[in-house]
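Let's take a friendly look at two spots in a protein model. Have the sequence and the 3D view ready as you read.

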Amino acid sequence: MTAAAALSAEQLPALQRLRQAVEAALEGKQDAVELALVALLARGHLLIEDVPGVGKTTLARALARAVGGELRRLQFTSDLLPSDVLGVSVYDQRSGEFVLRQGPVFSNVLLADEINRASPRTQSALLEAMNEGQVSLDGQTIPLPDPFFVIATQNPQDFAGTFPLPESQLDRFLLRVRIGYPPPQVEMRLLLDGQTDTARDVPVVLDPAKLVALQREVHRVTIDSSLGSYLHALIQSTRTAPSLSLGASPRGAIALGNAARARALLRGRNYCIADDIHDLAVPVLAHRVRLATHADGFTPTRDEAETALREIVARVPVPL
């Protein structure tokens, strides 16, 4: 049986249509789209760190439209309160009871725009939602819609008025990616057309129920013992490398395994290969580790963290 045949007759075409639909809205960014879909299929969340105007909102809207889900966008600012994210109970005079007005977090896709502009108190309001798929309000636990996917954008930390995300918040994001500027031919076409809202033409290729079924299929993708040993060796190397003061946690190891399974499924396989783990190690782990220079009061850049992790990954033998 071929790798493609391992998936059902409906699943593989659905995944291909999903990928094509999102790539059509964000032309020339196949790698960024693939990473976003990996996070979506693995039931993770996505952190996009980039400058404004490169298509972060377009990517979020395209994903939400393609899976038939509800998208809600929340602009994070320094005065944003946790109740603005989760919701608040309001007294209803007609019924004589308090009624919960649900916040933007009650959606299938939440775009947390410029998340590092909010205070740590407001940032922490998302921790339970992202980790447990639920929120606790007024003494009750309320489940969030399924699927639930957070796409957060973050400006570079040298921009004024930002609050760096703490490790506990960063650890809730499965992947950190950068979109970057479009290829010259794509940018030229955008200039000539004058159209920036390319996400509105994205067709609905799935419904939320089918997406949940695909997310469950990810856990059936196998990782054999040799790949498991390779993954564990990568995690261990981050804990012993002199360039790092904080290595990847067990949650980071599980996240890398889940991301590798989702990438395999997206590429039509029901088993992982070494490239799935190797290629995803940096986007999955780079934001979960801390450089040794950080302990001296120097805040490393994203490029420095990724370069250090890339060097560590290169030293770990890849199983053949």
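Below are some notes on the model, then a strand and then a glutamate.

## About the model

This is a predicted model, in which local features need pLDDT of at least 70 and side-chain atom pairs count only at pLDDT 80 or more, while totals for chains, interfaces and linings use all residues. Residues are numbered from 1 along each chain as its sequence is written, and side-chain values use heavy atoms, leaving out hydrogens and water.

Helices (H or I, at least four residues) and strands (E, at least two) are DSSP runs, numbered from the N terminus. Strand S5 covers residues 109-113, and five of its five residues are buried (under 20% relative accessible area, with a 1.4 Å probe and protein chains only). In a regular strand, side chains alternate between the two faces of the sheet. In S5, Val109, Leu111 and Asp113 point one way, while Leu110 and Ala112 point the other way.

Two strands pair if DSSP finds at least two bridges between them. Strand S2 (residues 71-75) runs parallel to S5, joined by five bridges, and glutamine 75 stands opposite aspartate 113. S5 also pairs with strand S8 (residues 149-154), again in the parallel sense, over four bridges. There, phenylalanine 149 is the bridge partner of valine 109.

## Glutamate 306

Is glutamate 306 buried or exposed? Glutamate 306 lies in helix H13 (residues 302-315) and is buried, because its relative accessible area is 11%.

Leaving aside neighbours within four places in sequence, glutamate 306 is in contact (heavy atoms within 4.5 Å) with Arg176, Val282 and Ala286.

Terms used:
Buried means under 20% relative accessible area, exposed over 50%, partly exposed in between (1.4 Å probe, protein chains only).
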